[in-house]
Amino acid sequence: MNTTPLSLATELRSRYDSIMQSVADTARQAGRLPEEIRVIAVSKTQPMEIIHAALEAQLPFLGENYAQELKDKASALPPSLVEWHFIGHLQTNKVKYAIDDFGVVHSLDRMSLAKELSRLAVLRGVMVDVFIQVNVSGEESKFGLEPAEAEARSEEHTSELQSRQYLVC
């Protein structure tokens with residue numbers, strides 16, 4: 001892309017505004033409030049130049065799917081500028097790399113991950129919102145808890161997990 005950072009920010013903002021208009025129209029048709037819906041700009045594998053342009057365009061939510069990449073990008077920016085969303089499969093041993101930077105984890109697919117997120121969140125005094133990933137198809141190639149396990153585990157562990165939980169299927 002052969003654009004200056006300012007024009008890149010303008011282009012990103014224009015795309016975001018167009019998407020948000022579609023989201024708002026669809027939300028209203030479904031009887032929902034548009035402000036209840038967040039659109040996340042996925043910044044995975046993008047260089048910092050693009051991240052800076054996204055912030056200049058005032059895109060408030062960025063998504064990453066590699067814990068180390070999220071940590072590297074988040075450490076290069078003031079924490080108040082962006083809410084980071086982890087959107088990929090998260091290995092339990094990678095939680096320690098970016099727990100301080102997660103705003104939301106979209107892929108809580110097993111209880112061992114929930115417990116590690118909770119343990120580190122308590123140690124570091126942070127709150128992490130999580131989406132419980134449910135494998136409704138039953139495909140072995142897909143991540144996520146089985147539906148019955150997701151319901152049981154959510155109720156069982158809600159009080160002990162240092163997070164707010166949501167369901168994603």
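Visitor: What joins S3 to S4, and how do you know that they count as a pair?

Guide: S3 and S4 run parallel, with 3 bridges between them. Everything we discuss here belongs to a predicted model.

Visitor: What about strands S4 and S5: how many bridges do they have?

Guide: S4 (residues 102–108) and S5 (residues 128–133) have 3 bridges, again in the parallel sense. At least two are needed, therefore S4 and S5 count as paired. Leu108 stands opposite Ile132 in S5.

Visitor: What pattern does the chain follow along the sequence?

Guide: It reads α-β-α-β-α-β-α-β-α-β-α-β, with 6 helices and 6 strands in the chain.

Visitor: Why is Asp72 called partly exposed?

Guide: Asp72 has a relative accessible area of 44%. Buried would need under 20% and exposed over 50%; 44% lies in between, so Asp72 is partly exposed. Asp72 sits in helix H3, residues 67–75. The C-alpha atoms of Asp72 and Ala98 are 8.8 Å apart, although 26 residues separate the two along the chain.

Visitor: And how much of the chain counts as buried?

Guide: Of its 169 residues, 38% do. For each of those, the relative accessible area is under 20%, because that is the cut-off for buried.

Visitor: Which residues lie nearest the centre of the largest pocket?

Guide: Leu12, Arg15, Ala41, Val42 and Leu59 do, out of 18 lining residues. Helix H1 (5–29), S1 and helix H2 (48–56) each give two or more residues to that lining, and H1 gives the largest share, 6 residues. The volume of this pocket is about 340 Å³.

Visitor: What makes a residue such as Leu12 or Arg15 part of the lining?

Guide: A lining residue has an atom within 4 Å of a pocket point, so Leu12 and Arg15 each meet that cut-off. By class, the lining has 14 nonpolar, 2 polar and 2 charged residues.

Visitor: What lines the second largest pocket?

Guide: There are 11 lining residues, and Glu36, Arg38, His85, Val104 and Phe131 lie nearest the centre. S4 and S5 are the elements that give two or more residues to this lining. By class there are 5 nonpolar, 2 polar and 4 charged residues. The volume of the second largest pocket is about 210 Å³.

Visitor: Where is confidence lowest in the chain, and where is it highest?

Guide: Strand S6, residues 163–168, is lowest, with a mean of 55, while strand S1, residues 41–42, is highest at 95. Local features need a pLDDT of at least 70. For the chain, the mean pLDDT is 85, and 86% of residues reach 70 or more.

Conventions:
Residues numbered from 1 in each chain as written. Predicted model: local features only at pLDDT ≥ 70, side-chain atom pairs only at ≥ 80, totals over all residues. Heavy atoms only, no water. Helix = DSSP H or I, 4+ residues; strand = E, 2+ residues; numbered from the N terminus. pLDDT = per-residue confidence, 0-100. 1 Å grid on protein atoms, 1.4 Å probe; cavity = no way out; pocket = protein on both sides within 12 Å on 5 of 7 lines; lining within 4 Å. Points joined across faces, edges and corners; volume = space filled by probe spheres on them. Nonpolar A, V, L, I, M, F, W, Y, C, P; charged D, E, K, R; others polar. Buried < 20%, exposed > 50% of the residue type's maximum accessible area, 1.4 Å probe, protein only.
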